[in-house]
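Subject: Structure for your review

Hello,

Here is the structure I said I would pass on. My notes on what was found follow below it.

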Amino acid sequence: GRRNKGKRNVLFATLILSLVLTLITGSRKALFNLVFFTCMVLLFSKYDRNVFRNLGRVLLVVALVMVAVIIVLRVDALYNILGNRLVSLFSYFSGDVQEDLSALRRDYMKDDAMALFKSNPILGIGLNNFKYVARYGTYAHSNYYELLCCLGIIGTLLYYIPLIIVSVKSFFQWKKNMKYAVIPFAIFLSFIINETSNVSYMYRT
């Protein structure tokens, strides 16, 4: 009805505003989180056992993302803000690591964090100690590596178990056709993916 149409218009306007603000920031993480969250909501706002309908939604979302990437790479203003960072990211994953030296440095940091974790796997080396022990002067640029290194298996499990419980509950609510349950589930999936290149377990200055 008219009320649902109004809600859809508000949601669409919010997504457009979020996309514009994200492009202005030039943050790859923010863009990924926005696109991933939107795709999850579009794809799974309703539990559907029809494989072909789900596949159609997936293909539609992939096509929209590809169009957005092409626009960012072709429009000079957008390329200067975000496109050049996407190019360096693609180059890194294709093996041209010199295109993104910061990503290469983060890889070294993660290797060192894993070596420290193996030396103290149960309790870790102590909260926030990676930057001192590894002598980088900063954190490991991955919440998983930072937690495993500093707090060990026990601390890492204590941190993530509550999040996993919330996610599992949301998943089963979504299967009962509670469409809004997909929102916390999508937030959780976006969060755990983002944790691979971000440290969020404590505030840092």
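Of the 205 residues in the protein chain, 30% are buried (under 20% relative accessible area; exposed is over 50% and partly exposed in between, with a 1.4 Å probe and protein chains only). This is a predicted model, in which local features need pLDDT of at least 70 and side-chain atom pairs count only at pLDDT 80 or more, while totals for chains, interfaces and linings use all residues. Residues are numbered from 1 along each chain as its sequence is written, and side-chain values use heavy atoms, with hydrogens and water left out.

Overall layout

The protein chain has eight helices and zero strands; helices are DSSP runs of H or I with at least four residues, strands are runs of E with at least two, and both are numbered from the N terminus. Among contacts (heavy atoms within 4.5 Å) between residues at least 6 apart in sequence, 62% join residues at least 24 apart.

Glutamate 146 lies in α7 and counts as buried because its relative accessibility is 1%. The side chain of glutamate 146 reaches the backbone nitrogen of alanine 140 at 2.9 Å. Serine 167, also found in α7, is buried at a relative accessible area of 6%. Leaving aside neighbours within four places in sequence, serine 167 is in contact with Phe185 and Phe188. Both of these phenylalanines are among the buried residues of α8, which also include Val182, Ala186, Leu189, Ser190 and Asn194.

Nonpolar cores

A nonpolar core is a set of buried Ala, Val, Leu, Ile, Met, Phe, Trp, Tyr and Cys residues joined through side-chain atoms within 4.5 Å. The largest has nine residues: Met109, Ala113, Leu116, Ile125, Phe130, Ala134, Ala140, Cys149 and Cys150. Helices α5 (101-119) and α7 (143-175) each supply at least two residues of this core, and the largest share, three residues, comes from α5. A second, separate core of six residues includes Met40, Ala186, Phe188 and Leu189.

Beyond residues up to four places away in sequence, methionine 109 touches Phe130, Tyr136, Thr138, Tyr139, Ala140 and His141.

Aromatic pairs

There are three aromatic pairs, defined by ring centres within 6.5 Å for Phe, Tyr and Trp (its six-membered ring); planes under 30 degrees apart are stacked, over 60 edge-to-face and the rest tilted. Phenylalanine 130 and tyrosine 136 are stacked, at 5.9 Å centre to centre and 15 degrees between the planes. Phenylalanine 130 is buried at 0% relative accessibility, whereas tyrosine 136 is partly exposed at 23%. Tyrosine 159 and tyrosine 160 are edge-to-face, at 4.8 Å and 85 degrees. Here tyrosine 159 is partly exposed at 24% and tyrosine 160 is buried at 8%. Ring pairs link Tyr144, Tyr159 and Tyr160 into a cluster.

Regards

Methods: A polar contact is a pair of N or O atoms within 3.5 Å; within protein, one must be able to donate a hydrogen and the other to accept it, and residues adjacent in sequence count only if both atoms are side-chain atoms.
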